[in-house]
Amino acid sequence: MTETRPTGRTSRRALASVAAAALIAGGAIGSGYLPSATPAYAQALPKSPIEAPEHPPGSFAGIVNKVKPGVVSVKVKLDDSASSDDDDGPSQGRNLQNVPPQLREFFKRFGQNGPGGMQPQRQGPRGAVGSGFIISADGYVVTNNHVVDHAKTVQVTLDDGRTLDAKVIGKDPKTDVALLKITEGSNFPYVQFGKSAPQVGDWVVAIGNPFGLGGTVTAGIVSARGRDIGAGPYDDFLQIDAPINKGNSGGPTFNVNGEVVGVNTAIASPSGGSVGLAFAIPAETVQAVVDQLRTDGKVARGYLGVQIQPVTQDIAEGLGLDKAKGALVDHAENGTPAAKAGLKAGDVIEKVNGDTVDSARELSRRIAGMKPGAKVELSYLRGGKSDTATVTLGTMPTDGTKMASRDEDSSNGQPRLGLQLAPAGDVGLLDQGVAVVQVDPDGPAAAKGIEAGDVILDVGGQSVSRPSDVATQIRAAESSGRKAVLMRVKSGKGQTRFVAVSLNKKDG
């Protein structure tokens with residue numbers, strides 16, 4: 001199974017896998033370029049309709065020589081609160097059945113179980129190794145949060161071989177960025193962030209400290225942008241195919257001008273090694289976080305105070321939208337900036353300061369990237385009509401802070417949806433809404449995850465209190481030509497969400 005995992009912290013045991021690979025290889029393999037064929041006579045070639053792009057550099061040596069002095073190795077001694085997963089040696093947690101036969105015995109002896117099948121005892125404080133880069137002459141260093149998380153002490157090793165003490169200035173787990181400060185010396189070589197974001201197809205060079213071997217260089221291209229890998233709430237990764245391995249975490253990705261365009265953070269791999277799927281935090285995100293860490297030691301993010309969900313295709317049909325874009329407001333928390341600005345459940349936020357919002361995740365990133373107190377103009381759709389609201393952003397709370405047919409009118413059934421309903425007050429669930437007392441497992445509502453005990457709060461944007469109200473709104477949706485009806489449902493766990501249930505006769 002392929003998994004996405006941080007590229008950071010590699011313990012000294014990681015060297016074992018490198019040694020094993022060397023034993024198996026049995027020798028070096030040469031590489032080089034074959035000269036292109038030269039025609040024996042001159043010939044006219046048809047002009048391409050697309051202009052040929054600029055050739056990639058024949059060598060990355062100039063870039064590497066320029067920036068390598070600013071790249072460092074980050075060595076960490078961990079405190080006792082770090083879990084065993086932090087010391088992720090080459091075989092930690094590995095199922096030996098998935099290890100190639102030629103390596104299985106090696107890992108048994110030197111990795112997972114130690115000599116003689118016994119778990120090796122730790123000698124001294126636990127440690128880990130990652131990468132980083134210097135961003136100022138006075139010794140500020142950028143790395144990943146997961147590299148220095150639970151750090152008891154931190155040291156950085158420079159390209160010239162010096163090992164110096166450093167302290168953690170601030171960390172931001174949500175973007176996995178951390179800022180360090182070298183506590184001795186001055187006038188350090190440093191690198192600069194890029195002035196523009198890279199494009200898909202641009203060449204990049206990654207420098208880091210995989211497996212604790214010291215500075216290594218790999219090259220590749222940007223293969224995608226805006227990747228969401230589920231690592232955090234504001235995922236917006238660059239995907240690169242430059243080989244990145246464990247221990248590269250916190251290391252920089254450079255463009256061909258020697259500017260930092262990303263911070264290496266994670267890889268997707270079935271084996272733990274590079275398969276050409278690596279992910280880097282974009283430089284613009286890192287800069288914004290680092291600026292706050294450097295000034296305040298923490299990151300304060302803008303806050304709307306709404307719960308949102310994606311606008312799926314069926315929800316778009318339920319709302320009568322042409323495209324499945326924007327962010328659907330589930331509800332606005334009382335007293336928050338969103339509530340004060342008049343935003344309500346069912347609103348679809350389409351733009352922020354005039355720029356289109358494609359998804360709920362994009363809205364979260366955009367708002368979080370703004371400072372508390374900023375004034376933001378939101379364009380939203382309510383009941384088929386466009387409107388705007390000006391919102392003064394608050395400060396995001398810290399983690400842990402609470403933030404049918406006519407025959408159906410007289411009955412409690414909704415056969416088209418596969419539901420048996422009752423007023424929520426009659427069954428003791430809520431004072432408002434319509435309770436779901438029975439669900440047809442083969443009906444369209446069950447297919448959308450509606451369960452007995454859920455409470456339907458509104459249908460088609462209108463509050464409901466009786467089963468007949470539900471039937472009325474279903475007829476209204478049908479008469480307007482919609483293929484689905486949108487309902488706001490509160491689950492038995494107290495969470496609310498929007499659900500679009502198909503009105504196609506074949507589905508109900």
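**Reading a predicted chain, feature by feature**

Modeller: Let's start with confidence: among the elements of the protein chain, helix α3 (residues 101-110) has the lowest mean pLDDT, 34, while strand β4 (residues 140-143) has the highest, 96. pLDDT is the predictor's confidence in each residue, from 0 to 100. Helices (H or I, at least four residues) and strands (E, at least two) are DSSP runs, numbered from the N terminus. This is a predicted model, where local features need pLDDT of at least 70 and side-chain atom pairs count only at 80 or more, though totals for chains, interfaces and linings use all residues. Residues are numbered from 1 along each chain as its sequence is written, and side-chain values use heavy atoms, without hydrogens or water.

Biologist: What is the mean pLDDT of the protein chain?

Modeller: The mean is 75, and 70% of the residues reach 70 or more.

Biologist: OK, now for single residues. Why does V290 count as buried?

Modeller: Because its relative accessibility is 2%. The cut-offs are: buried under 20% relative accessible area, exposed over 50%, partly exposed in between (1.4 Å probe, protein chains only). V290 sits in helix α5 (residues 283-296). Leaving aside neighbours within four places in sequence, V290 touches I135, V142, V177 and L179. Take L179: 111 residues separate L179 from V290 in sequence, yet their C-alphas are 6.5 Å apart in space.

Biologist: Which residues of the largest nonpolar core touch the most other members?

Modeller: In soluble globular proteins, nonpolar side chains tend to be buried together. A nonpolar core is a set of buried Ala, Val, Leu, Ile, Met, Phe, Trp, Tyr and Cys residues joined through side-chain atoms within 4.5 Å. The largest one here has 27 residues, and F133, I135, V142 and V286 touch the most other members. At least two residues each come from α2, β4, β7 (177-182), β8, β12 (260-269), β13 and α5. Helix α5 gives the most, 5 residues. There's also a second, separate core of 20 residues, including L304, A332, M370 and L378.

Biologist: And helix α8 (residues 360-368): which of its residues are buried?

Modeller: A360, E362, L363, I367 and A368. Those buried residues pack against β14 (302-303), β15 (306-310), β16 (327-332), β17 (348-352) and β18 (355-356).

Biologist: How many aromatic pairs does the structure hold?

Modeller: It holds 3. F60 and W203 form a tilted one, with 5.5 Å centre to centre and 50° between the planes. F60 is in the loop between α1 (14-25) and α2 (61-67), and W203 is in strand β8 (residues 203-208), so this pair links parts of the chain 143 residues apart. F60 is buried at 18%, whereas W203 is partly exposed at 32%. Then come F237 and F279, an edge-to-face pair with ring centres 6.3 Å apart and planes at 65°. F237 lies in strand β10 (residues 237-240) and F279 in strand β13 (residues 278-282), so that pair ties together parts 42 residues apart in sequence. Both are buried: F237 at 6% and F279 at 5%. As for the rule, rings of Phe, Tyr and Trp (its six-membered ring) pair if their centres lie within 6.5 Å; planes under 30 degrees apart are stacked, over 60 edge-to-face, and the rest tilted.

Biologist: What lies over the face of Y140, at 4.2 Å from the ring centre?

Modeller: R294 does. K181 also lies over the face of Y140, at 5.6 Å from the ring centre. To count, NZ of Lys or CZ of Arg must be within 6 Å of the ring centre and within 35 degrees of the ring normal.

Biologist: Where does H150 lie?

Modeller: In the loop between α4 (145-148) and β5 (151-157). Most residues other than glycine have a negative phi. H150 has a positive phi, near 65°, and is partly exposed at 28%. D176 also has a positive phi near 65°, but D176 is buried, at 13%.

How values were computed. Contact = heavy atoms within 4.5 Å.
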